[in-house]
Amino acid sequence: LIDRPLEQLDPVELAILLIGVYELASRIDLPYRGVINECVNLAKRFGSIEGHKYINACLDLAAKSFRETEIQAQC
């Protein structure tokens, strides 16, 4: 779901992405919007200046992949 090799990602943002993807895939009890929001907040606080935008875009794609039925139910 990312557009660059893992080696090119900031280590903090890579960790945030891994946490977010894990929660989207394995923690169905957590709402996908909450997962994305918390990861974006972490990226704003600890990541690079514009890194939160990349985190948001990647986790949005992951949510569409892992939580298709939850997203459709909210529409």
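Is Glu-50 buried, partly exposed or exposed? At 44% relative accessibility, Glu-50 counts as partly exposed. The legends below refer to a predicted model.

**View 1. Salt bridge between Lys-53 and Glu-50.** The side chains of these two residues meet with N and O atoms 2.7 Å apart. The Glu-50 end of the pair is partly exposed. This contact is one of five salt bridges in the count.

**View 2. Salt bridge between Arg-4 and Asp-3.** The closest N and O atoms of the pair are 3.3 Å apart. Asp-3 has 61% relative accessibility and therefore counts as exposed, whereas Arg-4, at 34%, counts as partly exposed.

**View 3. Salt bridge between Asp-60 and Lys-64 within helix 3.** The closest N and O atoms lie 3.4 Å apart. The two residues are four places apart in helix 3, about one turn of the helix. Both ends are partly exposed, with relative accessible areas of 30% for Asp-60 and 48% for Lys-64.

**View 4. Helix 1, residues 11-26.** Glu-13, Ile-16, Leu-17, Gly-20 and Leu-24 are buried. Seen down the axis, the buried residues of helix 1 fall within an arc of 100 degrees, so they line one face. They pack against helix 2 (32-46) and helix 3 (51-66). Pro-11 and Leu-18, on the other side of helix 1, are exposed.

**View 5. Confidence along the protein chain.** The mean pLDDT is 94, and 100% of residues reach 70 or more. Among the elements, helix 2 has the highest mean pLDDT (97) and helix 4 (residues 68-74) the lowest (87).

Notes. Residues numbered from 1 in each chain as written. Predicted model: local features only at pLDDT ≥ 70, side-chain atom pairs only at ≥ 80, totals over all residues. Heavy atoms only, no water. Expected span 1.5 Å × (residues − 1). Buried < 20%, exposed > 50% of the residue type's maximum accessible area, 1.4 Å probe, protein only. Arc of directions from axis to C-beta. Contact = heavy atoms within 4.5 Å. pLDDT = per-residue confidence, 0-100. Salt bridge = Lys/Arg side-chain N within 4 Å of Asp/Glu carboxyl O.
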